[in-house]
Amino acid sequence: MSHRYTTKKLMQVLDLFSKEEAGQDATVMLVLPEGRNPMQKEFNIKEVKLVENKLVGPQYDKYRVMILVE
């Protein structure tokens with residue numbers, strides 16, 4: 001079930017992430033749906049989550065904020 005994100009809701013979620021040490025310097029990433037129509041330019045936010053970055057190395061951030069859209 002997808003949530004309806006308003007500006008207020010999105011800011012609340014991002015504020016929670018920024019209060020955690022892991023989320024303070026996380027890279028923000030937008031994840032587009034697979035098989036999307038190339039003409040589609042606007043998306044609704046489906047989910048926002050803080051995830052550990054699986055890539056390792058000094059050039060990579062430890063955490064990412066992933067914004068999944070539909």
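Helices (at least four residues) and strands (at least two) are runs assigned by DSSP and numbered from the N terminus. With that in hand, let's walk through this structure, which is a predicted model. The protein has 2 helices and 3 strands.

Now step back and look at the whole. Along the principal axes, the C-alpha atoms of the protein fill a box of roughly 35 × 30 × 20 Å. The chain has 70 residues, and 17% of them count as buried, where buried means under 20% relative accessible area. Contacts tell you how the chain comes together: among those with a separation of 6 or more, 60% join residues 24 or more positions apart.

Let's go inside next. In soluble globular proteins, nonpolar side chains tend to be buried together. Here, the largest nonpolar core is made of 8 residues: Y5, V13, F17, A26, V48, V65, I67 and V69. Two elements, α1 (7–19) and β3 (63–69), each give two or more residues to this core. The largest share comes from β3, with 3 residues. To see some of the packing for yourself, find V13: leaving out residues up to four places away in sequence, V13 touches Y5 and V48.

Notes. Residues are numbered from 1 along each chain as its sequence is written. This is a predicted model: local features need pLDDT of at least 70, side-chain atom pairs count only at pLDDT 80 or more; totals for chains, interfaces and linings use all residues. Side-chain values use heavy atoms; hydrogens and water are left out. Buried means under 20% relative accessible area, exposed over 50%, partly exposed in between (1.4 Å probe, protein chains only). Contact means heavy atoms within 4.5 Å. A nonpolar core is a set of buried Ala, Val, Leu, Ile, Met, Phe, Trp, Tyr and Cys residues joined through side-chain atoms within 4.5 Å.
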